[in-house]
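Dear colleague,

Please find the structure below, followed by an account of what was found in it.

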There are 2 protein chains.
Amino acid sequence: MKIGIIGVGLIGGSLAISARQHIPDVEIYGNNRSQANLQKSLDLGLVDFRLDEAMIKQMDIILLAIPVDTALERLVDLLDEVNDNALIIDFGSTKAAICQQVALHSKRGQFLATHPIAGTEYSGPAAALPNLFEEKIQILCEAHKTRPDLLEWAQDWFKKTGMILREMDPVEHDQQITYVSHLSHISSYMLGKTVMEKEKDQSAIFDMAGSGFSSTVRLAKSSPFMWVPIFEQNKENISETLSQYINNLNQFKQLLDANRFDDLHEQILEINNIRQILEGITNTKNNK
Amino acid sequence: MKIGIIGVGLIGGSLAISARQHIPDVEIYGNNRSQANLQKSLDLGLVDFRLDEAMIKQMDIILLAIPVDTALERLVDLLDEVNDNALIIDFGSTKAAICQQVALHSKRGQFLATHPIAGTEYSGPAAALPNLFEEKIQILCEAHKTRPDLLEWAQDWFKKTGMILREMDPVEHDQQITYVSHLSHISSYMLGKTVMEKEKDQSAIFDMAGSGFSSTVRLAKSSPFMWVPIFEQNKENISETLSQYINNLNQFKQLLDANRFDDLHEQILEINNIRQILEGITNTKNNK
């Protein structure tokens with residue numbers, strides 16, 4: 001079986017490791033914007049051969065693991081080009097636009113839209129990990145629009161990879177993922193910005209940073225090449241969620257300025273329930 | 001040597017472990033608001049005996065590891081009470097108010113104000129860790145006001161515990177720590193609140209949460225008993241820093257709403273430099 005990976009970064013590279021492990025007689029072809037990273041993925045043994053445009057027709061599976069703007073640019077051409085039994089799977093963090101784009105395509109059944117809730121703040125093939133997807137949620141959107149035989153193959157591979165499968169409407173996906181992923185990134189970027197602005201006067205400030213700061217600011221290391229296209233495609237949801245977050249911060253500041261510390265205490269006690277919620281999720285996932 | 005620990009929680013309990021390891025012939029006495037937690041600290045072998053008020057005079061060292069409001073309430077009485085060769089060390093997250101409170105006390109030389117940049121989101125004696133302070137910054141404020149022989153003893157113990165010592169003005173400490181600790185907690189609390197409000201409609205939302213969300217929201221598990229008094233004592237600095245953070249979020253939202261994605265990209269590229277800064281700090285600390 002021939003698998004073509006477009007985008008051999010953190011996600012594409014980790015998918016390559018899984019394909020090598022779980023798909024018999026697999027040949028892995030790689031394509032990448034940065035030729036240096038493509039060479040690195042060959043050197044690391046993640047992919048076996050370069051994937052040229054002319055070879056798209058020979059692929060059985062194509063994995064699209066590139067920023068969401070370029071995924072949108074390339075998907076229709078790729079669908080036009082692939083042979084009649086090939087499957088294209090995308091792994092981007094936004095799902096509404098890409099599902100809409102191919103809704104009426106004659107080969108819609110050969111496309112599967114997914115979003116694995118897995119990643120780190122690092123990019124490139126050297127960031128690929130063997131267990132990145134283990135026990136992680138993999139969201140499938142509009143799975144019923146994918147040809148059943150192709151869908152079954154994909155589901156089987158995902159399960160072997162250790163993913164926990166969920167089905168979801170793409171519009172709903174984009175709305176909800178804003179809260180538990182996109183907002184975290186913005187909060188982290190702006191935290192980094194605020195502290196770096198202060199650091200211009202106080203060069204010793206980072207010396208005082210502990211693990212709490214590192215934890216909240218970790219996502220501020222994430223690449224804008226991946227994230228700005230996500231912000232663009234999910235602009236409406238993000239703008240609304242960001243308003244809610246800013247409102248909550250403003251309310252916190254008002255309570256603080258008005259010395260309403262009992263109200264702050266009560267509010268935080270309620271927020272502390274997130275502990276049970278997060279632990280509950282971990283348990284649920286581990287029981288699958 | 002008799003050590004009295006007031007507050008046998010995460011910090012007090014971890015200090016007990018270090019005292020047991022590094023101070024010869026130590027007897028550890030514990031005092032705690034929650035009697036259940038005091039019993040637990042006895043059961044865990046963190047402390048040897050209960051510390052009653054009447055026994056304060058017999059202590060050689062008193063460690064104050066309680067919320068910053070109760071530390072402020074108790075410190076003067078404790079200083080009045082201790083024998084003439086005892087040292088009281090506090091470990092709270094704010095330093096200006098406590099240093100000011102005892103500035104004119106006749107036993108000022110028997111007090112040392114510190115802030116170890118170490119902790120987790122958990123509380124209580126069961127959260128105590130043997131290596132909590134290893135390779136962590138320990139800030140000493142107004143060390144020159146502590147009696148040299150007592151200061152030397154404390155510095156020696158802290159070093160044995162693996163702490164990296166720094167001296168700092170208390171007012172400066174409170175201002176700078178706002179950026180790298182207090183703001184992170186507020187950002188995390190409000191992130192938790194925003195998502196929990198949304199969850200009321202969308203109960204599946206946390207199922208989509210990945211490691212990025214867990215990381216940014218981890219501090220939202222922190223206890224208000226510890227944190228609200230910190231917010232109260234450091235109100236002016238926090239209010240100002242919070243305004244800067246909210247301004248940055250508003251500016252981000254304006255760029256997003258105005259489709260100025262190139263500007264967002266440029267801004268994030270600059271924020272990405274936080275990677276080098278944070279890694280640089282880790283290296284510096286490890287070289288000490």
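Axes here are lines fitted to C-alpha atoms, for helices over the stretch in contact, with angles running from 0 to 180 degrees between N-to-C directions. Helices (H or I, at least four residues) and strands (E, at least two) are DSSP runs, numbered from the N terminus. This is a predicted model, in which local features need pLDDT of at least 70 and side-chain atom pairs count only at pLDDT 80 or more, while totals for chains, interfaces and linings use all residues. Residues are numbered from 1 along each chain as its sequence is written, and chains are lettered from A and ligands numbered from 1 in the order in which they are written.

The contact between the chains takes 73 residues from chain A and 72 from chain B, two residues being in contact if their C-beta atoms, placed from the backbone, lie within 7 Å. On the side of chain B, α6(B) provides the largest share, 20 residues.

Across this pair of chains, helix α10 (residues 261–271) of chain A packs against α8(B) at an angle of about 145 degrees, the axes being 10 Å apart. A:Phe261, A:Leu264, A:His265, A:Ile268 and A:Leu269 of α10(A) meet B:Pro224, B:Trp227, B:Val228, B:Phe231 and B:Glu232 of α8(B).

Within chain A, the domain assignment (automatic or from a database) gives domain 1 (2–168) and domain 2 (172–286). Their centres, taken over C-alpha atoms, are separated by 30 Å. Domain 1 of chain A gives 16 residues to the contact and domain 2 of chain A gives 19.

Yours sincerely
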